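Dear colleague,

Please find the structure below, followed by an account of what was found in it.

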Amino acid sequence: IQQAKARAETLEAESEDGTIEPALNLALGFAYLGLAEENLRLRTMSRSISLYFADALDRAKAVPSDSAHAETAARLGAGIRFAQGDLPGALAALDAYRKATEAVSPRFDALHGRLTYEQAAAMPVTSSGHATPEAQALLKQAAVWLDIASSAEVLTGRQRRAAALRRAYALHRLGKIEGARESYARAYAPDMQQAGLVIRGLQSLLAATPDEVLPALEALAKKHGDASALLDALLQMHRQRGEAAKALVVAERRVAAAPKDPRSWYWLGRATLAAGVPANRALAHFEQGLRIDPNDLYCSFQIESLARAALPKDPKAAAAIYERLIALRPDDPYTRNNYGFILRDLVSQHTDKLKGGLERIPADAPEGMLDLLKRCVEVYAEAVANIDPAKDADLDEMTAWNLAGIVNDYALIIHYFLDVQDAALAEQQYMRALEMTDYGFKDTYGPNLHRLYRYVLTDV
């Protein structure tokens, strides 16, 4: 928008005789309108918004009514009023122009249909939840204009689909099931946003006949090819119906359609588990998702879930899963903290409990306990190493509290477990945790520090 504005202003400045062509006025008008709408969306530069609106309206008014660009000026003026929240004024301007001219373009129909639909949608419904007679009349008229726009080759594919979607909404509100269904199909596009709108519309439209939803979605896939949003909807429907085998097939289609999307591998892993396939297959799928994006929490959480599921029967297998996970998420302190907690719990089941909360691994403990404890310390140390102390003061409150919890957990290990105790380092970590939270957790962290002084650092 800024580039278009700059180009138009340059052309205006270069005008030799000082006259401005209507097309140039309109180019600047739409640029100003776009800037006003963008600033409204971002909620910034409030004073500039009104100035941009005023500049845009001046440009629209500068176009002569007998100009070949008069319709475009009318659309610009209506668009400005609508963006300012004056829907009735925008519609009045469009109605007046339509009455004063013999024919309008599909672009005019698209805008007129859109705003007419918005007016109908804003009206209260009857006690039975249906549109009032006045709203129905508006919806019918909107559907006619939007039908013209959705079939007009002069419009871009995106503009035609937008018109088709609003036509589907209008017919949907009117209870015209088949017409709405056909228009939803015309509105479909593979991108996540548009596909999502169409899918939700179809699901709502066919709520009374749910068995028709799957065939309708499969028909879209057959015509347009597999797309992530469409396959996600099919996958969820099969899952809700308990059709694990069919869900697995759809998940495999998603991987084939979007192999570089970690969510594809997440859904394949979930579907694999639901279908009763061995968990190691699902684990491999989740790991592939993390190879694509190490920060994908969906895949990470699923791997942690597999580790916890294995823990009661096979602690070594659970630890092995966590080792694979932290290798895929080398910079994440939270994953290491979770793994460290599991290792600590495994060891603590076999320790002697001593005064002051201290613990020691006895001679008759199961083999490997000391190695597990040492690995626990390493994991916590790696987690804390990923928390930059230089940034502690800049963290937001929630992040600071979460990360301070990891620092505190590291201190707990090297404080209470005598076999790996490092009291001086534990003191440093406790103090850091307190400072990170501005001493907000002193009731939690303080008692551990007091115990450290009372039972270990007795000379303090």
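**Helix packing**

Helix 6 passes helix 7 (residues 133–150) in a left-handed crossing, a crossing being left-handed if the near helix is turned anticlockwise from the far one by less than a right angle, and right-handed if clockwise. Please note that this is a predicted model, in which local features need pLDDT of at least 70 and side-chain atom pairs count only at pLDDT 80 or more, while totals for chains, interfaces and linings use all residues. Residues are numbered from 1 along each chain as its sequence is written, and side-chain values use heavy atoms, with hydrogens and water left out. Helices (H or I, at least four residues) are DSSP runs, numbered from the N terminus.

The axes of helix 6 and helix 7 come within 8 Å and cross at roughly 155°; axes are lines fitted to C-alpha atoms, for helices over the stretch in contact, and angles run from 0 to 180 degrees between N-to-C directions. That makes helix 6 roughly antiparallel to helix 7 (angles under 35 degrees count as roughly parallel, over 145 as roughly antiparallel, 65 to 115 as roughly perpendicular and the rest as oblique). On the helix 6 side, the residues in contact (heavy atoms within 4.5 Å) include Pro106, Ala110, Gly113 and Tyr117, and they meet residues of helix 7 that include Leu138, Ala142, Trp145 and Ala149. The residues of this contact divide into twelve nonpolar, four polar and two charged; Ala, Val, Leu, Ile, Met, Phe, Trp, Tyr, Cys and Pro count as nonpolar, Asp, Glu, Lys and Arg as charged, and the others, Gly among them, as polar.

Helix 6 (residues 106–121) also packs against helix 5 (residues 87–100), at an angle of about 140° and with the axes 10 Å apart. That makes helix 5 oblique to helix 6, and their crossing is left-handed. Among the residues that meet here are Leu87, Leu91 and Leu94 in helix 5 and Phe108, Leu111 and Leu115 in helix 6. This contact has eight nonpolar, three polar and four charged residues.

Helix 19 (residues 369–385) and helix 20 have axes that come within 9 Å and cross at roughly 150°. The two helices are therefore roughly antiparallel to each other. Their contact involves Val377, Tyr380 and Val384, among others, of helix 19, and residues including Ile406, Tyr410 and Ile413 of helix 20. It comprises eleven nonpolar residues, no polar ones and one charged.

**Nonpolar cores**

A nonpolar core is a set of buried Ala, Val, Leu, Ile, Met, Phe, Trp, Tyr and Cys residues joined through side-chain atoms within 4.5 Å. The largest has 111 residues, and Tyr184, Val198 and Leu217 have the most contacts inside it. Helix 20 (residues 397–416) supplies the largest share of this core, ten residues. A second, separate core of eleven residues includes Ala90, Phe108, Leu111 and Leu115.

**Individual residues**

His238, found in helix 12 (residues 228–240), is buried, with a relative accessible area of 7% (buried means under 20%, exposed over 50%, partly exposed in between, with a 1.4 Å probe and protein chains only). Not counting residues up to four places away in sequence, His238 touches Leu214, Glu243, Lys246, Ala247 and Val250.

Asp438 is found in the loop between helix 21 (423–436) and helix 22 (442–456). Asp438 is exposed, with a relative accessible area of 66%, and its phi is near 55°, a positive value in a residue other than glycine.

Yours sincerely
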